[in-house]
Amino acid sequence: MPNEGNVVCGRTLYRPLCAGKPAGGRGNRAAQKAALACPGAVATVGRLEVQPNAVNIVADKVTLSLDLRSMEIRELEQMEQQIFQALAETAAEAGVSYAIKLSLDSQPGYMDKQLVGYLQASALEQQTAFMRMHSGAGHDALPISARVPAAMLFVPSKGGRSHCLEEWSDCRHLAAAVDVMIDTIMKINKEES
């Protein structure tokens, strides 16, 4: 169980689904409903590939991704069950078939408390505003944390946007993060000397 303030990378499930006809956006509504029932969890229908992808032709095949993230495996299982039940009901109602393929299944990973503490101490000393948070983003820290201590330092992005063309961070925030990171590295090196 995560402790208050520990940074946790949530498990990600990525599931492309194939169906004979589109289901009128019900998949995304089912994902939203399932995520709302689990505090701190998110469910995203992100990628859609429609074939033949023409304005006046009923789709023959739709492939979509479903990304489930939570700090708790129990919540992931609950969301998955609820969404897949809605999928089965919708497919039966529409008279279509579907297949589910698991592409990625990552377990939650905990960030190292000591490293997180170093980052916090450096931010306090630098008088840099910060917040400890749980993160659904694993980045490289998730697989690394299984073998060595790891922590993540995030910089705010305008509008909270990331991994898109609109992503933008203020140079002052970037500089503050660099200062915190350098100070953290120096603290660790000093203690190990």
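This is a predicted model: local features need pLDDT of at least 70, side-chain atom pairs count only at pLDDT 80 or more; totals for chains, interfaces and linings use all residues.
**Stop 1: inside a helix**

Select S122, which lies in helix α3, residues 113-125. (Helices are DSSP runs of H or I with at least four residues, strands are runs of E with at least two, and both are numbered from the N terminus.) Is S122 buried or exposed? S122 counts as buried because its relative accessibility is 0%. Here buried means under 20% relative accessible area, exposed means over 50%, and partly exposed is in between, using a 1.4 Å probe and protein chains only.

Now show what S122 touches: V180, D183, T184 and K187, leaving aside residues up to four places away in sequence. Contact means heavy atoms within 4.5 Å.

**Stop 2: a charged network**

Keep D183 and K187 selected. They form a salt bridge, with the closest N and O atoms 2.7 Å apart. (A salt bridge is a side-chain nitrogen of Lys or Arg within 4 Å of a carboxyl oxygen of Asp or Glu.) About one helical turn separates K187 and D183, because they are four residues apart in helix α5. K187 is buried at 18% relative accessible area, and D183 is buried at 17%.

**Stop 3: two other salt bridges**

How many salt bridges does the structure hold? It holds five. One of them joins the side chains of D170 and R172, at 2.9 Å from N to O. D170 counts as buried at 17% relative accessibility, whereas R172 is exposed at 65%. Next, select R161 and E166, whose side chains meet in a salt bridge at 3.2 Å, N to O. R161 counts as partly exposed, at 42% relative accessibility.

**Stop 4: a nonpolar patch**

Finish with M131, M133 and F154, which make a nonpolar surface patch of about 300 Å². Patches are made of residues with over 30% relative accessible area and no salt bridge; like charges are joined within 9 Å, and nonpolar side chains (Val, Leu, Ile, Met, Phe, Trp, Tyr) within 5 Å. Accessible areas come from the Shrake-Rupley method with a 1.4 Å probe, and for residues only the protein chains shown count as cover. F154 lies in the loop between α4 (141-145) and α5 (171-192), and counts as partly exposed at 37% relative accessibility.

Note on methods:
Residues are numbered from 1 along each chain as its sequence is written. Side-chain values use heavy atoms; hydrogens and water are left out.
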